[in-house]
Every structure is written in structure tokens, then in C-alpha cells.
Amino acid sequence: MPSAPAIAKNLRETRELMDLACQRAGRRPESVRLLAVSKTFAADDVAAAHAAGQTAFGENYVQEGVAKVAALAALGLEWHFIGPIQSNKTRPIAEHFSWVHSIDRLKIAERLSAQRPAHLPDLQVCLQVNISGETSKSGIESAAILRLAREVAALPRLRLRGLMTIPRPAATLAEQRAPFRELRLLLEAINAAGIGCDTLSMGMSADLEAAILEGATIVRVGTAIFGARSATG
Ligand SMILES: *Cc1c(COP(=O)(O)O)cnc(C)c1O
């Protein structure tokens, strides 16, 4: 379990890396948000990150995420669901999260739309794209994105914000940038079709610089903030 000072220091260093990447890309630092991915870590670790100025957190597992949302309700944090979604688990996601990054089929979006409580703001959603074409990774194929984007954009109580991807790990900056560039071009195609989107959720601990150079607006960072996860996480 990481100490609170370690979390604060890691957050500072992560924000510095992001600022440097923004400088290099000629982008304003405010144009990229940091999502702290707290999966497998305790509510106390999230509270420590919040004390160090972090307000947006990402979770992958429904039960674990909902427990942290409830335990930390008093802090007014912004919670993002970023993990694979089973259709029988959509209700707690619709009821407890502000964002969902990992929609990969219409059925999931329809259920989230129907289950989003009327007293909450629209659920902010991204479509997860399988950009490297890996069959093992979840996400929709690039060719099917425009159609799904049209369908999701039409659903009530959801607001389609953009695209998310988890590319296969790559060693060099150039190799890391290639799939992120593809995602940016896909978002441009969606916008050209008249579906207004503003979000590219891409970049993790190992490749956030490449993602920012290619236009990421949200980077999802776990390890660099909270430390290594155990093998099961
Ligand atoms: C775990 C996870 C992250 C964070 O990955 P790190 O390498 O620990 O920064 C980001 N996005 C998704 C979807 C994840 O599951």
C-alpha cells in the first residue's frame, strides 16, 4: 500500500510529465485531464490523492468501484468507469458513475441510457475502439465506429463525448504514437459526420507522452500514481 506522501509526489511528477508533453506538443496544459486509476487500491489511497488535489478517478470493476464511490461520497469526487462491461452489471454503473469510457456495443449503451436515474446529469460516455485489431482486447473495430457513434449519440440521458483505446504495449515513442494517431483520425471522422465529440481518452503510465502528442484530452494513469498492482489486479 502506497504512503500518502508517495502518492502526492507521484501525482506531482505525473502532472509535470503531462505539462512537459503539452509544451512539446504546443498545447495548453488545461487541455488534458488526469484520470487517476485507483483499481485494486483502497479508499484511503483515493482520499490521499484527493488531499493532493486530484478529483477524477477511474475504476475497472463494478463492485469494487461502487464500494469506493459510496465510502468517499462526502468528498464529491468525479468517478469514471473504464473496465469491461457485462450487460447484467450496467445498473450500478448508470447509478454511481459520471463517465463511462468502455462502451463497445449498442446493447450496453441502451441499458445505461434506460437505467440512468432522471435526477442525475447525463452520463458522459466514450466508445472503446480496438485500434490495433487485437482479438483479445475488448473494443469495437474501427470500421464499425461511425455507425455505433450515431446510434449512441441518439440515446437519451447519455452524452457521447468521444473515443477511448488501450493499444498494445510498444517500446518506442513512434510506435506508441501510431495507434493514438489512428484514434484521433477516427474522432475527426466522427466530427466530420456532424456528431460533436471532444474527448480522446488515451494514454496510461507507460505511454502518456505519446498520447498527449497525438491529442489525448484524458490520460488514465494508475501505476505511476499509486504504484504497482498485485498480479491479480
Ligand atoms: C488499469 C488501467 C489503466 C491504468 O494503467 P497503468 O498502466 O497502471 O497506468 C488505464 N486504463 C485502463 C482501461 C485500465 O484498465
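Start with everything selected: with 233 residues, a compact globule would have a radius of gyration near 17 Å, and the protein agrees because its own value is 17 Å. That radius is taken over C-alpha atoms, and the globule rule is 2.2 Å times the number of residues to the power 0.38.

This is a predicted model, where local features need pLDDT of at least 70, side-chain atom pairs count only at pLDDT 80 or more, and totals for chains, interfaces and linings use all residues. Residues are numbered from 1 along each chain as its sequence is written, and side-chain values use heavy atoms, without hydrogens and water.

Show the C-alpha trace. Along its principal axes it spans about 45 × 40 × 35 Å.

Switch to cartoon. You have nine helices and eight strands to find. These are DSSP runs, numbered from the N terminus: helices are H or I with at least four residues, strands are E with at least two.

Next, colour by burial. Of the 233 residues, 48% count as buried (under 20% relative accessible area; exposed is over 50%, partly exposed in between; 1.4 Å probe, protein chains only).

Now select residues 173-192. This is helix α7, and Q176 sits in it. Is Q176 buried or exposed? Q176 counts as buried because its relative accessibility is 12%.

Finally, zoom in on A170. Its backbone oxygen lies 3.1 Å from a polar atom of the Q176 side chain.

Definitions and conventions. A polar contact is a pair of N or O atoms within 3.5 Å; within protein, one must be able to donate a hydrogen and the other to accept it, and residues adjacent in sequence count only if both atoms are side-chain atoms.
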